[in-house]
Amino acid sequence: MNEYLRLKKSNCKNCYKCIRQCPVKSIKFQNNQAHIIEDECILCGQCFVVCPQNAKEIRNDTGAVRELIASGRPVYASVAPSFVANYPGATIAGMEKALRALGFAGASETAVGATTVKTVYDEMCERGDDDVIISSCCHTVNLLIRKYFPQAIGCLAPVLSPMQAHCKSLKALHPDAAAVFIGPCISKKDEAAQYPGVVDFALTFEELTAWMEGEGVTVEAAPDAEAGGKARLFPTTGGILRSMERRAADYTYITVDGIDNCVRALREICEGGLKKCFIEMSACVGSCVGGPAMDKHGSAVRGTAAVDRYAPDGDFAVDKPDADALAKPHSYIGVRRTMPGSKAIEEILHQMGKHKPEDELNCGSCGYNTCRDKAVAVLNGKAEISMCLPYLKEKAENFSDKIIKNTPNGIIVLNEALEVQQLNAAACEMLNLSGAQDILGGQVVRVLDPQPFLEVMETGRSIRGKRVYLAEYKRYVEQTVIYDKAYHIIMAIMRDITEEEHSRERKESMSRSTIEITDKVIEKQMRAVQEIASLLGETTAETKIALTKLKESLTDE
């Protein structure tokens, strides 16, 4: 597939929307990133259209086309008839003028090729050799059949697509020229690559618009030199049938658009439920005017109206086509998919918490239609068990419930009206409640002082680890109050520190008593010291007097 659809990994947000929309589940989810499985992809572009993060991008071939033009080789554009839906007020003359300004040698409508293709469809119906004939214009439908409905390959009309038929005629008119298709489709890039030598490159309208904006080129209204034909209706739902003669009365002519409807129709065909019919089949709802690479301002309804206004009743003047020149065989493209055994599937289901049939919700949130489809994808390495949102939700709830139920801290949750929404067993014990039902839905003022909660709501500042005495319950708690504005809840976490507080008080009382005793001992000791000192002081004085007198007597002698 040469990565026609690429993924910008940094933008993937695990929403699984692309997997839900992918009709063939060709997307692998691994390491929190979606990856397109190229061998399985049918390039319908639905993942590109629905991605809310614009994580997927189409391969841009503008640079390669510019190099082709710069080489000096004449390059002609085949412009899909849906251009009138993408560029309001445009004509093919105006488109050619703009494309020539970009360096193209010329441009004409793919609808010219569609005229020859629809002539072959009419002839096939007139011959009546085929029980069911499916139009081969939509490459995505062709890939869908060739990969996933091989029983219906024989029903695909073995005819070139309008793109190929027109580019082939352009090269016949301009030998040595290159041909570039421009349209609303991603899969045309792959079709151009699969059949080398017919279409050199395929650009989308989005690529062309960006190119013109970069060069300052606009599509101006200009009158067409010659009238077009009914084949301009091809890009609308039922447009192929409206352009055909439909002279074969024994055929039923059916229009099917949208990939899901195509899948249903193909199942009917494979089961033998449809007979003698020609089916115009388009992967996009609204057909090509609803293509994934149309500029974003358009819509399939307005686009259909624009195409209808631009398409006259007549036909383009084309030579009678050579059947061999327009022949295009369709072969089977194998898709390797393994179907695990039932025991392996059951094991994966058990890991997802699905032990009974009623546990299999088949909600589709993971992107797969059933839980069993998801289990098969896990076993094939395309999905992860964590993609099951009900499983994750239940796991997270069970985990948080276990923490809340078993934590020794009291937890109480209020709404902004200060009504109790939830509390755990520890909180019930702290507040002397027999159970949560005693207070659920009631005002918190019945059990706690509402002031801290009001304060946190008003200031937006949390209270953390504040010591509070709950006099009514004779408990000391360390209280944390948090306000979550996003979820409009206030949560209080209360750690019972009553025993710690009592222990602290006992220690303080013991310390005070010890200090008092110590003070008394010191005081008593000081008195004893003072008494001893007093006695010693008197004796010393008397001795001094006696010795002095003795000294004086000895001196006199």
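In this predicted model, three strands make up an open sheet in the order β7-β11-β10, and their pairing is parallel. The edges of the sheet are held by β7 (132–134) and β10 (252–257), each with a single partner strand, so one side of each has no neighbour in the sheet. On average, neighbouring strands of this sheet are turned by 20 degrees against each other, direction ignored. Between β7 and β11 (residues 277–282), which run parallel, there are three bridges. Val-132 stands opposite Cys-277 in β11.

Two loop residues lie on either side of β7 in the chain. Asp-130 belongs to the loop between α6 (111–127) and β7, while Ser-136 belongs to the loop between β7 and α7. Are these residues buried, partly exposed or exposed? The cut-offs settle the matter: buried means under 20% relative accessible area, exposed means over 50%, and partly exposed lies in between. With a relative accessible area of 24%, Asp-130 is therefore partly exposed. Ser-136 has a relative accessible area of 0% and is therefore buried.

The contacts of these two residues can also be listed. Leaving aside neighbours within four places in sequence, Asp-130 is in contact with Met-124, Tyr-251 and Lys-276. Not counting residues up to four places away in sequence, Ser-136 touches Tyr-121, Asn-142, Leu-156, Ala-157, Val-159, Leu-160, Ser-161 and His-330. As for distance across the model, the C-alpha atoms of Asp-130 and Pro-357 are separated by 45 Å, and these residues are 227 apart along the chain.

| Strand | Partner strand | Sense | Bridges |
|---|---|---|---|
| β12 (residues 410–415) | β16 (residues 489–496) | antiparallel | six |
| β15 (residues 475–484) | β16 | antiparallel | eight |
| β5 (residues 75–79) | β6 | parallel | four |

Ile-411 stands opposite Ile-493 in β16. For Val-477, the bridge partner in β16 is Asp-496. β15 and β16 form a hairpin, with four residues between them. In its turn, His-488 has a positive phi of about 60 degrees.

Strand β6 (residues 106–109) is covered on both faces. In a regular strand the side chains alternate between the two faces of the sheet. In β6, Gly-106 and Ser-108 are on one side and Ala-107 and Glu-109 on the other, and all of them are buried. Gly-106 is also the bridge partner of Tyr-76.

Next come the helices. How do α7 and α12 lie to each other? The axes of α7 (residues 139–148) and α12 (residues 259–270) come within 11 Å and cross at roughly 40 degrees. Angles under 35 degrees count as roughly parallel, and 65 to 115 as roughly perpendicular. α7 and α12 are therefore oblique to each other, and their crossing is right-handed. On the α7 side the contact is made by Thr-140, Val-141, Leu-144 and Ile-145, and on the α12 side by Ile-259, Cys-262, Val-263 and Leu-266. Seven residues of this contact are nonpolar, one is polar and none is charged.

A second pair is α14 (residues 342–351) and α15 (residues 371–379), which pack at an angle of about 105 degrees, with their axes 9 Å apart. α14 and α15 are therefore roughly perpendicular to each other. From α14, the contact uses Ala-344, Ile-345, Glu-346, Ile-348 and Leu-349; from α15, Cys-371, Arg-372, Ala-375, Val-376, Val-378 and Leu-379. These contact residues divide into nine nonpolar, no polar and two charged.

Finally, helix α9 (residues 187–194) is mostly covered, with six of its eight residues buried. Which residues of α9 are buried? They are Ser-187, Lys-188, Lys-189, Asp-190, Glu-191 and Ala-192. The buried residues of α9 pack against both strands and helices: β4 (56–58), β8 (178–183) and β9 (201–204), together with α7, α8 (162–173) and α10 (205–215).

Technical notes:
Residues numbered from 1 in each chain as written. Predicted model: local features only at pLDDT ≥ 70, side-chain atom pairs only at ≥ 80, totals over all residues. Heavy atoms only, no water. Axes fitted to C-alpha atoms, helices over the stretch in contact; angles between N-to-C directions. Parallel < 35°, antiparallel > 145°, perpendicular 65-115°, else oblique. Left-handed = near helix turned anticlockwise from the far one by under 90°. Contact = heavy atoms within 4.5 Å. Nonpolar A, V, L, I, M, F, W, Y, C, P; charged D, E, K, R; others polar. Pairing = 2+ DSSP bridges. Buried < 20%, exposed > 50% of the residue type's maximum accessible area, 1.4 Å probe, protein only.
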